[in-house]
Amino acid sequence: MLENYLPVMVLIGIAFAFAIGSVVMSRLIGQKKPSAVKLAPYECGMPLLSSVQERFSIKFYIVAMLFILFDIEAVFLYPWAIMFKRLGIFGFIEMGVFIVILLVGFIYVWKKGALEWEE
Amino acid sequence: MATWMFYILGAITVVATLLAITQRNPVHAVIYLVNSFFALALLFFLLGAPLVAAWEVIIYAGAIMVLFLFIIMMLEIAPGVEADRYGPNWLQWLPILLLAAALGICTLLLTGLDPVGSNGVPHWYASPRDFGYALFKEYALAIEVVSFQLLFAAVGAFYVGRPERKSKSPAGGDR
Amino acid sequence: MTEQLIMLGLILAKLGLIFIVILTLAAYLVLAERKILARMQLRYGPNRVGPFGMLQPLSDLIKLLTKEDFLPAAADKWLFLIAPGLSALTALLTFAVIPFGPPLEIFGRTLPLVVIDLNIGLLYFLGLSSLAVYGMALGGWASNSKYALLGSIRGLSQLISYELSMGLAVVPVVMMARSFSLTEIVMAQAEIPYALLNPPAFLIFLISIVAESKRIPFDMPEAENELVAGFHTEYSGMRFGLFFVGEYINLIILGSMLTVLFLGGWHGPWLPGVVWFSLKVLAVCFFFIWVRASLPRLRYDQLMHFGWKVLLPLALLNALVTGAILLWIGQ
């Protein structure tokens, strides 16, 4: 039992120690001369022209939404893929219908221009 | 041992979720929520459903929370509005501790499954193969209904986020 | 008792070795990249520190450690602190499931050359790679700087888009190996690697992992001539170093996954398995560097179009066609 879970525990420990340790080291060793200008957001050498409060294209939202949908689809594909031999033709048609229905939505959104970034 | 792990994980989930809904900073709330989903995934793993655990991480923590982050970023909420003057205060490290605890239990789980079964596998263990077979054999109709739901969601998402007609996209459209 | 101690020693030695090898490899990959890029551009590359510049990674490390590590005044302190750690952590943890050699016989006992052989190893990899976006997204957002925010939003969008085609490209592999365990997937490729059996899936996966590694031609998150340095513009010192190392560890991991899933893992004639595995991973890393030297950066709309309109439908179609063919053969 020991040999089974020990490696992962050690790996996680090492990974945490590495991530925390290197930052702490750097904080201890590195010099510290903060100044107001140094701590200001970078603006290519200029004083700050505008804040980050900017609007983003709504396209990003649609991409994230479509990503969720297709991620769910992919997640349904995995258990099918591992068992598709035993599920046979029935499973294949089932999955085919599943994908085609989702593809209809994808093609609709595509044709409506949700995937266009130029305009 | 499994019972103890169950209670610890359950407590982590509840605490993380409570922290998520009491946070004022939305991105911090997202982090707590991811934490909570992670602990939930481990709970599923503990209960002998590794596939569902993986789904929980891939879909909830990896996809839906990313959408949340996107929305928060697009809603123009700048960080650091609340005063945190002297760097982080210690309460803010709680999620890391929670996550560390969850990960620690995860490691115990990966084999600590032993307490319930004789050969390291609880008797209610649903292997990915069995799970897939049952899902596609007995719930075939449900699968197709899910795909219709996804179709509606795609169309709905498009209409919510559709640009207004005859007007250019919002200032500085492409980024 | 002594048996257990020996076992314990073996495990610790294995883990220590894995960790040292990964970190050294990541450090020298940086050097190799600079050298190879320089040669491809008819320059010398770093050659001052030690013979052939071999000590360059060490001096880089010292430089990063002694640099000032400052918190921008406007940043969200807490997220700013943990983001680079998250990025390195997710990269390191992925290594737990990658089998890099056949089980080894030492002192009359078998030592599997993988940290843990999960029966859902492939899904573990996909799950962690979907969590890997948080380091970048939170780092960019917490910096409260416009370049960082732009970089992380672009990057988020890019990573999730290509994650889809990456996830779908492994479906044929699961179909052929009929397992999620990476060790079993490698075992199933003893005769012929899946890259030859299913070239479309291989190509889709390859392109997706180049995009996942955020490198040229897909380096939109940090496009340095548009966004200064993208999501890590505001980072300095070792925290920048963690992002940087995380990126190269990620490169090695993606190379290992390509090797495990499509190039037959440790299988190969004459040489021992571990050597074959390392050679394949290094070859993939060289390919990444080569691509960087050869290709220009894509425009953002081209990037998204390619991911959504070409790779995604292709990957779906490929999964279905593979299923059909396998069923037809099986009849």
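## Burial in chain A

A residue is called buried if 20 or more other C-beta atoms lie within 10 Å of its own, exposed if 12 or fewer do, and partly exposed in between, with the C-beta atoms placed from the backbone. By that rule, buried residues make up 39% of the 119 residues in chain A, a chain that has 2 helices and 0 strands. Helices (H or I, at least four residues) and strands (E, at least two) are taken as DSSP runs and numbered from the N terminus.

This is a predicted model, in which local features need pLDDT of at least 70 and side-chain atom pairs count only at pLDDT 80 or more, while totals for chains, interfaces and linings use all residues. Residues are numbered from 1 along each chain as its sequence is written, and chains are lettered from A and ligands numbered from 1 in the order in which they are written.

## Where chain A meets chain C

Two residues are in contact if their C-beta atoms, placed from the backbone, lie within 7 Å. Between these two chains, the contact takes 52 residues from chain A and 65 residues from chain C. On the side of chain A that touches chain C, the elements giving two or more residues are α1 (2-29) and α2 (59-111), and α1(A) gives the most, with 19 residues. This side of chain A divides into 38 nonpolar, 5 polar and 9 charged residues, where Ala, Val, Leu, Ile, Met, Phe, Trp, Tyr, Cys and Pro count as nonpolar, Asp, Glu, Lys and Arg as charged, and the others, Gly among them, as polar.

## A pair of helices across the chains

The axes of α2(A) and α6(C) come within 10 Å and cross at roughly 25°, which makes α2(A) roughly parallel to α6(C). Here axes are lines fitted to C-alpha atoms, for helices over the stretch in contact, and angles run from 0 to 180 degrees between N-to-C directions; angles under 35 degrees count as roughly parallel, over 145 as roughly antiparallel, 65 to 115 as roughly perpendicular and the rest as oblique.

The residues that α2(A) brings to this contact include A:F60, A:F67 and A:D71, while those from α6(C) include C:I153, C:I160 and C:L164. By class, the contact of α2(A) with α6(C) has 10 nonpolar, 3 polar and 1 charged residues.

## Where chain C meets chain B

This contact takes 32 residues from chain C and 25 residues from chain B. On the side of chain C that touches chain B, α3 (77-94), α4 (121-131), α5 (133-143), α6 (146-169) and α14 (300-330) of chain C each supply at least two residues, and that side has 24 nonpolar, 4 polar and 4 charged residues. As for α4(C), 11 of its 11 residues are buried, C:Y124 and C:F125 among them.

Helix α10 (residues 199-212) of chain C has 14 residues and reaches 20 Å from its first C-alpha to its last, close to the 20 Å expected at 1.5 Å a residue; the expected span is 1.5 Å times one less than the number of residues. Because 11 of its 14 residues are buried, α10(C) is largely enclosed by the rest of the structure. It is followed by C:K214, whose phi is positive, near 55°.

Most residues other than glycine have a negative phi. Phi of C:L42, however, is near 55°; C:L42 lies in the loop between α1 (2-40) and α2 (56-66) of chain C and is exposed, with 6 other C-beta atoms within 10 Å. Phi of C:R178 is near 50°, also a positive value, and C:R178, in the loop between α7 (171-177) and α8 (182-187) of chain C, counts as partly exposed, with 18 C-beta neighbours inside 10 Å.
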